[in-house]
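User: Could you take one part of this and go through it closely? I'd like the overall build, then how it meets its neighbour.

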Amino acid sequence: MAGEMLRFVDRQRQMPEKTAPEERRLHWDEIYARFAREKAAQQAGRCSQCGVPFCQVHCPLHNNIPDWLMLTAEGRLEEAYEVCSATNSFPEMCGRICPQDRLCEGNCVIEQSGHGTVTIGAIENYITVKAFENGWVKPIVPSRERTESVGIIGAGPGGLAAADRLRRLGYQVHVYDRYDRVGGLLIYGIPNFKLEKDVVERRAQLLADGGVHFHLNIEIGRNVGFAELREKHDAILLATGVYKARGIELPGSGLGNIVAAMTYLTASNRKGLGDAVPEFDGGMLDAAGRNAVVIGGGDTAMDCVRTAIRQGAASVKCLYRRDRANMPGSQREVANAEEEGVEFIWLSGPEAFLGDAGGPVTGVRAHRMRLGVPDSSGRQSPEPVPDSSFVIDADLVIAALGFDPEDLPQLFGEPALTVTRWGTVKAALGTGMTELPGVFAAGDIVRGASLVVWAIRDGRDAADAMHKYIQERAAANVPAVAAE
Amino acid sequence: MTGNRNDLEGRHFVEQWRETAAYLEANHAYDPEWEHGSCGVGLVAAIDGKPRRQVVEAGIAALKALWHRGAVDADGKTGDGTGIHVQIPQDFFKEHIRDTGHEPQAGRLAVGMVFLPRTDYEAQERCRVIVESEVLNHGHTLYGWRQVPTNNMVIGDKANATRPEIEQVMIANNRHVPDPRFELDLYIIRRRIEKQIAAEGIKDFYICSLSCRSVIYKGLFLAEQLTVFYPDLLDERFESNFAIYHQRYSTNTFPTWWLAQPFRVIAHNGEINTLRGNRNWMTAHEPRMASDVLGDNIVDVLPLIPRGSSDSAALDAAFELFVRGSTRELPLVKSLLIPDAWEKRDAMPEHHRALFSYCSSVMEPWDGPAAVCGFGGRWVVAGMDRNGLRPLRYSVTGDGLLIVGSETGMVPIDETRVVEKGRVGPGETIAVDLREGRLYHNGELRDLMAGKQPFTDWVKRIRVLDQIIEPDHEEPTTYSREELLRRQLQYAWSMEELELVLQPMVADGKEPVGSMGDDTPIAVLSDKYRGLHHFFRQNFAQVTNPPIDSLRESAVMTLTTRLGNLGNILSEDASQCDLLQLASPVLSNAEFQALRDYLGDAVVEIDCTFDPSGGENALTEALTEIRRQTEDAVRGGAVHIVLSDTASSASRAPVPMILATAGVHTHLVRQSLRTFSAIHVRTGECLDVHYFAVLIGVGATTVNAYLAQEAIADRHARGLFGELSLVECLCSFTDAVDAGLLKIMSKMGISVLSSYRGGYNFEAIGLSRTLVSEFFPGMSSRISGIGLTGIQRKVLQMHARAWDEDVVTLPVGGFYRYRRGGEAHAFQANAIHTLQAAVANDSYATYRRYVEQVAAQPPINLRDLLDFREGQRPVGSEEVESITEIRKRLVAPGISLGALSPEAHETLSIAMTRIGAKSDSGEGGEDASRYRPKPNGDNASSAIKQVASGRFGVTAEYLNNCREIEIKIAQGAKPGEGGQLPGFKVSKMIARLRHSTEGVMLISPPPHHDIYSSEDRAQLSYDLKQINPEARVCVKLVAQSGIGTVAAGVAKAHADTILISGHGGGTGASPQSSIKYAGLPWELGLSEVHQVLTLNRLRHRVKLRTDGGIKTGRDVVIAAMLGAEEFGIGTTSLVAMGCIMVRQCHSNTCPVGVCTQDERLRDKFTGTPEKVVNLFTFVAEEVREILARLGFRTLDEVIGRSDLLHQVSRGNPYLDDLDLNPILVRADDGEYVARCTVDYNEVPETLDARMIKDAEPLFRVGEKMQLAYGVRNTQRAIGAKMSSAITRKFGMYALQPDHLTVRLRGSAGQSLGAFAVQGLKLEVLGDANDYCGKGLSGGTIMLRPPTNSPLQTYENTIIGNVALYGATGGKLFAAGLAGDRFAVRNSGAVSVVEGCGSNGCEYMTGGIAVILGEVGDNFGAGMTGGMAFIYDRNGTLEERLNPDSITWQRVETEHWDGELRGLIEQHVNETQSSHAARLLDNWDRELGCFWQIVPKDMLDKLDYPVHADDALTVSSGVAD
């Protein structure tokens, strides 16, 4: 069967068909079609089956990519799914939303040598679609139930990944979230056209069916005390994510219609889910017919610009202080956005928001930037070009400048929970345990705003650490249990 | 007479040697068992059986013409040993007795030639007492002792220092028994004396011979000094009807007198590869031995094989037992011990097959290259082993002498008196019945032996497996998916193993192929579970004996396994054939069941599992219990023991089956019970061929891998094997294992499984010494490591995991290819990228980061457990020698063009040339356009040109364009194996460079066909120093235990550099099990070579180089401290050129264009000379920094300074002890520095020196010339140096074909016309030896008998074995028969001979061979190009052809008719062959007797079609 592989020499890279930009502007569906069976197998067969698989090395989850590519190429989809899901709690998410061009695909050996990457993400997506279609994905049935319980704060990707893993081990898993739906960023942060919401809901249902208890609309420190929670569970995981939007303090930043990205995206997603969203209906968070300006160059900014397009904005511009090559967001997303009609204004930073005091914003004054000498991290820091100001018309400004952690010690009323100077929770390297015994932390709240795939990885690691912690404690308390 | 100075120096050496050797041995750095010997051998016999002085004189003369096959120590006098075995001149000795005043009795007296301790008088006296009392006890009497006159001036200091007191004891037949009985008494007496001496621990005592018939004179002098040292032999009364003589070439430089040959029965040229197995089995046979002849005295001769015997001495002991202790006569004993291959030989007559089938029922053969000459009283024989890898030529003279020897021409004889010239072919024996006075040729001799008993009836009693199993049997499955999974997990199987190893074994019936070296931790350093087989490294043959090609020469190989208890090997009756025969030791579940049912009560099954909660010693106790139960069962009459771990479960853990099997095998051997039963092993762990090999190698009779079968069934059920049925899948799996076993045996040069079984043909790395000595006695294990406690711990870890409830899938793996969570790999993603960034940006700071990344890895190599000893004051880095100096020592090792893309290959060469360092061309030639610098000054010609077994592109021109020539004996990734370049990789350019055809597969044979022994390797070295008198010669070896002595032999043969490659060396394609399980880390090999060379005072004569996974300057400095002077950096330099370890080199799809011939991919190559230069510069810079830190100014100062290293980690805590002391001990270097001080080792001149002088006008003004000389066999490689001169002066193609004609009369030495170029014509009137026309590069060679010779050309041998090996062009006309392997790997020469031996035209890829007579077996094996025409008068050719790659037909077209006739006409013109002329005279009739042999792949690629139909189609357009 080796003949199925290494076909990159004579087989071109092909992505699944993408909906035409003019069409996809009009709806919220995911933009990529699925591979047909032969196509997926053929594309998987392009893999070089490297001795050192850089794709795996650069995957936060260390997915065994070459292996499931081979299985896919050989038509052994169920095994492919087994391998795929062995390292990844939610492969159906990663296949859709991972910036593969910066991770596996970007490091793919045949990409690096100029043959065009193996379409890893699309194939992962294909595998998971088939897995769900064929009923290979089943609710968890632990081989035994354990009496110990764990509490997970946050139903985002990190929390859910931990929940999945701990439940498989037989723990009683309770997940608390302040929102009304399971999924965190997956449900409210990421737009439909990247991740359709039924995918998230389906996963939430699977977890619930597998015995994970979800406690929604629960805010720790308000509805339930943190100490109470610690009392109740054998271990706690903080997986709250980071939600505090980074502010933008410039002349005119108090003007109306200057909104934070997450507020904007959540409203849009809620709308899509059929919720009543007064601020949207009131027009403040709806870009329809307006000149929208998004500030920032990360993935969230990309989500915002493309959402604005779909809401029917008159124009969508993206202002970013570095150039295209130095932006943090995915190049693939930029390309998609450009196709859909977004205008990128590179090397430009906002100087002031224009408009009548108390009224809505009417424009953004920006100045040109240039990239200075690289700093120790090798990144070039931008500096303004003198006398280069220009004005852009704007009646909706979305600030997508990143997120900071909320003040958890204060929110939870737990001053002993120590945080770093950036506000992230201090967790021990290797175990993920905070300075509070039995309290673990994972995901963005530890590492700062990052990718979903990192949250999954952290959640899985934290689950392992919690398991070890609980078992060690159990072993210490009950010495009679036979050692190995 | 001896001067004091000599004595002192010699004695000093001996003392120092002994001390150092003992020290090294105590530190497990050296083992005398590793010594090897090989040599030249021969016999002379008076066919009428009447003694003549002429026979002795001929023997003495022959030795004088053999000197080049032996080695000489640095003192120019100490030989490796030589001797002669002749009849006792009774008068001579009787006169001596009379001189002492006694009157000898009538009848024969006996003479014992005895070596006594010389300096220890007390011991000497004690020896005499023992000898005398044993003689007297047996009823005979002594005439007394005679001090043998010797001339000690002719021997070297070292030999003199160990010289024994040499005396003869003369014995009277006082019991007045008949001579044969007297002879038997003397045998028993000798054995009793030997045992008594050994019991008293007396050293330096040895009886060369004790006989009333013959006497052996031998010692450590040069062969030509025999009669000077022993003037006795000049006495005219020394007459004999036979003389057996021998010249030894040993890797051992310590002068050991008694190892000189001949021995009591035989003299042996070769190497017994199965020695360890044979010894073990001999021990096993002993309890059952009973002899009518010896009677109760059998106990006196056992144990048969004394400790410390060489392989030849051990074989001799076996010969002697049969000759004296049974009724079998010498020719039959030879057939029994060294049988011919018979199973797959359709051409062999039925009664001969029965004879050999019977022989293999009696005992296992002694297998290995062996040319033996022996004397058994009535018979003298000269015989060859089945592979025929030693030359044995003979002449019969008109006055009744048979002269046999390793070379023709050793005994000068009048050509007109010769009535027959022949050779002893593979498996053959010729013999003289001295009593009847008759010479028996091979066929006659076999008829005689086969007629002695009704063997044909006897062998009908053998049953085969097919008779006991239903032809349409089913293969049931037992386990559920879950149980299968758990059991797989128990043995740490991974998905990788199933996909990468098992799948191809079943789907393709082949072992999987991989590429690049092994960069995972050696098993003992890994923190993962490693099956016990991971600790075993396969042995392989290098230099002293050749590996075999198990694919192309499969007829000599066999896996036949015979079941039944082994009987008394000394008896001869039909019941010895009551046995069950299996075609393979590998059994499927159903086959196993059938076997079990058939054997019934004779079987006892022993459970090999243990209780996981049984405490610390559970495993140890289980093993003891298994052995106890087995012993009970065998004593209770069980003929078959089944060791099984099928009972493993949640509550039972499996005992590692290698331990159980070895434990039982050694226990039974120790209890003298092993031959009473077969050991059948059922194990779940066994999956790959290496595991099977280890099980059989440690004693298993059959193996049933039941879990592998279940895994196959599971995959079969999932539809992963397409249309194959389950039974077909299992057959395919068995085929793959069988092929793998054959390959593993063949790389050690072993062809018979029964001799491989129980032979421990492995070495352990990382197994505790205690464990090894208990379970694998005799196997070497230099560094100790894991013991039973550690093994139990690992097994239980896996057991706990396997039966843990949460198990869902197999781990993904990572052993072959990196996977996160799997094994560590030395080349990891981040380090690769960092290094590439460093060389691309010329950033030493980035390189430092790479070094740190490498240092941060977990221990992978032994050197990772070492660190430098600091303490000396650092010096300023400006004081350390320059980067330029250090870089010169770095080498880009041999990677062939064919593996590498041309771009990558050239980039490396250019880079290395720029920095004044060397790159190695690798195998496969080099484009001549690279021999001249490019316009920008870059020189792409590799400084080192490699000569590998395929000899692709090795021409005179190639060899003259380099500074060094490297003989690649083995390569780290697949030592002992050949290779194939698949057709799709043979591009137009590759085909041109390799003189082959585009798109046609090329095969590299496993051995160099001109290196079957040390003396052969010395010869190749000599040839190369002739064809390029300025180039240093390097020999590339792969690290293994015993490599030190191999290297000593190499050093003695004038090599200038020895390269020790580690197991981690890369490869373009190699079987995975070879990449993983053969060869040792270079740390072990290098240190041993350095130690042994120092010990033997040879170190200063050779440079040592090492390679295999060197990645940093730290590695370089460690290598220097362990003894290396030069350092090869292969894989890392590829990484610098863009390689990212995709490990798909074998599939021609390298995405970065480094290792591919595909144009589209070559475009992606981004390497530059600058990047490579940067790498080597950084490494050198790092070396400087380390030297400065340690306080040294040059690398020279640290070479061999292993005391500057110390062990900083002893590996995992559960190991017994991982002790690297064996690689760190230093040998005392005495008065020589322990590094190379000799630039070039000169070799003696040959005839060419004269020729070049005489041809002065040719070189001065270009005149056409003819020269004429007489020639002897000692004049070798004639024409090579002349060809070098011509190539350098005129170029390889400039002269007319016969511009210089050299006429020679006599027997030319080996390698006649080696690499001869166009313009040189050699005409020989006489004959020539082996390797005639080796590497022929356009020259012409003609051989014919002298005009007055009475010989028929088509019946008599005129050239030796392996003619035209690797020839690329030119012509050879020989009016006579050629030896074996005629035109092997010929890729361009055109030749006409009148018959040839076996394996003719093997691996041929070009040229034409016309053979006007019979050919031997296996003609055209692996022949993928060129063409042959064979004259087949008797119509027997077809059964001698190997049909795998060739087709044959009559000559159908006019074109080929014309071509053939034209060549025969040239042959007649050149040689005046009357045979050939007769053929031409009757051409119309004779043409019908010719076959045209064409490789299948060539049929559609020839300019002229070979089929008449095709020709018609072409010419007239008419289709049939």
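Chain B comes to 47 helices and 52 strands, counted as DSSP runs numbered from the N terminus (helices H or I, at least four residues; strands E, at least two). Keep in mind that this is a predicted model, so local features need pLDDT of at least 70 and side-chain atom pairs count only at pLDDT 80 or more, while totals for chains, interfaces and linings use all residues. Residues are numbered from 1 along each chain as written, chains are lettered from A and ligands numbered from 1 in written order, and side-chain values use heavy atoms, without hydrogens or water.

The C-alpha atoms of chain B fill a box of roughly 90 × 85 × 85 Å along the principal axes. Among contacts (heavy atoms within 4.5 Å) in chain B with a separation of 6 or more, 74% join residues 24 or more positions apart.

Now the neighbour: 32 residues of chain B touch 36 residues of chain A. Together the chains bury about 2,900 Å², 58% of it on carbon and sulfur atoms (accessible area lost, 1.4 Å probe, summed over both). Three salt bridges cross this interface (Lys or Arg side-chain nitrogen within 4 Å of an Asp or Glu carboxyl oxygen). B:Arg819 pairs with A:Asp67 in a salt bridge, with the closest N and O atoms 2.6 Å apart. On the chain A side, α3 (54-57), α4 (65-73), α5 (77-87) and α8 (109-112) each give two or more residues, and α4(A) gives the most, with four residues.

Conventions: Buried area = accessible area lost by both parts, 1.4 Å probe.
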